[in-house]
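This report examines one protein chain and the way in which parts of it pack together. Please view the sequence and the structure together before reading on.

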Amino acid sequence: MKGGTITVEDFYNEAKHTQNNQQLVQNMIIYKAFENKYGDKVTDKDVNAEYKKNEETYGDTFKSQLEAAGYTEDSYKQALRSSLVLKAGISANVKVTEKDLKEAWKTFHPEVEAQIIKVSSEDEAKEVKKSADDGTDFAKLAKEKSTDEATKKDGGKIKFDSQTTDVPTEVKEAAFKLKDGQVSDVISATNTTSYSTDYYVVKMVKNQNKGDDMNKYKKQLESIARDTKESDQDLQKEIIAKVLKEENVKVTDDAFKNVLTPFTMETANTNTSESKTKSTKSSESKTTESTKTSESSTTESSSK
């Protein structure tokens, strides 16, 4: 232009300081490190399966949503691959212990068979509850009153356990307390999509007590414990830090010197640790008392 030129270098020097691009570089480093170490754990078949699952979820709007987000089919599959490799790397570093299984056992409840009716107001729910208590067929009520499209046609029939995610926690907890044939009181639950309140009435068809034998459900408990640990952000951060160290990651551009701060203990913004050591003199019998050390350090960190 008349006023001069804008070079790629000019653009780079301006763009690299923005928060979005700092995040982009952080992601690129992490994905690259995990690809180097765990890339062989994810196949094209895995990526295609994940792509197809998303395609089925979003239906006819899938391709238009990809375009709106700036993806082509190939670039989206590459993003899926990076995500799957990261997940595989996290999983490879997670070990499920007996303590983890016992922790999962505390809130575990095996699968139950029930019928549910979902309505939008408390008054409607109270009417449903009264009708059920008066002997009206629960399946008939579900078909007529329920707004839950997934279950109403089948008379509200549903199966779920403590890990089921498409049944509100409040509904599960109330249902697990019911005996076979018993109808719950009105249950209120926050809709996680609309943040409105939904109201439920549940009839238990077949409940089962988990008993005292944890080994009977060991596979399920291992899956629950693993999922819990893999979703722990603090543990994820530790694993990412470990992999970055193993891959000998070095940042040479000062603009990005703090981009890995969340995953390293030594950063430019770390306050100097203060430590005090007290030790006693060695006795003639060469017995040395233990050194007492206290350290305090503050490290700015965040987890994404």
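**The chain as a whole**

The structure is a predicted model. Its chain contains eleven helices and six strands. Of the 304 residues in the chain, 32% are buried. The accessible surface amounts to about 21,000 Å², and carbon and sulfur atoms account for 46% of this area. When contacts between residues at least 6 apart in sequence are considered, 68% of them join residues at least 24 apart.

Helix H11 comprises 14 residues, 233-246. From first to last C-alpha the helix reaches 20 Å, close to the 20 Å expected at 1.5 Å a residue. At its N-terminal end H11 is capped by Asp-232, a side-chain oxygen of which lies 2.9 Å from the backbone nitrogen of Asp-234.

Ile-239, Ile-240, Val-243 and Leu-244 are the buried residues of H11. These residues lie on the same side of H11, because they cover an arc of only 135° around the axis. In an α-helix there are 3.6 residues a turn, so residues three or four places apart point the same way. The buried residues of H11 pack against helix H2 (19-38) and helix H5 (73-92). Asp-234, Glu-238 and Lys-245, on the other side of H11, are exposed.

After H11 comes Asn-248, which has a positive phi near 55°. The loop between H11 and strand S5 (274-278) includes Thr-261. With a relative accessible area of 9%, Thr-261 is buried because this value is under 20%. A polar atom of the Thr-261 side chain lies 2.8 Å from the backbone oxygen of Asn-258.

**Aromatic residues**

Ten aromatic pairs are found in the whole structure. Two pairs that involve Tyr-76 are given here.

| Pair | Centre to centre | Angle between planes | Arrangement |
|---|---|---|---|
| Phe-62 and Tyr-76 | 6.0 Å | 70° | edge-to-face |
| Tyr-71 and Tyr-76 | 5.3 Å | 70° | edge-to-face |

Phe-62 belongs to helix H4 (residues 62-68) and Tyr-76 to helix H5, so their pair ties together parts that are 14 residues apart in sequence. Both Phe-62 and Tyr-76 are buried, the relative accessibility of Tyr-76 being 15%. Tyr-71, in contrast, is partly exposed, with a relative accessible area of 32%. Phe-62, Tyr-71 and Tyr-76 belong to one aromatic cluster, together with Tyr-51 and Tyr-58.

Methods. Residues are numbered from 1 along each chain as its sequence is written. This is a predicted model: local features need pLDDT of at least 70, side-chain atom pairs count only at pLDDT 80 or more; totals for chains, interfaces and linings use all residues. Side-chain values use heavy atoms; hydrogens and water are left out. Helices (H or I, at least four residues) and strands (E, at least two) are DSSP runs, numbered from the N terminus. The expected span of a helix is 1.5 Å times one less than its number of residues. Buried means under 20% relative accessible area, exposed over 50%, partly exposed in between (1.4 Å probe, protein chains only). The arc is that of the directions from the helix axis to the C-beta atoms. Contact means heavy atoms within 4.5 Å. A polar contact is a pair of N or O atoms within 3.5 Å; within protein, one must be able to donate a hydrogen and the other to accept it, and residues adjacent in sequence count only if both atoms are side-chain atoms. Accessible areas come from the Shrake-Rupley method with a 1.4 Å probe; for residues, only the protein chains shown count as cover. Rings of Phe, Tyr and Trp (its six-membered ring) pair if their centres lie within 6.5 Å; planes under 30 degrees apart count as stacked, over 60 as edge-to-face and the rest as tilted.
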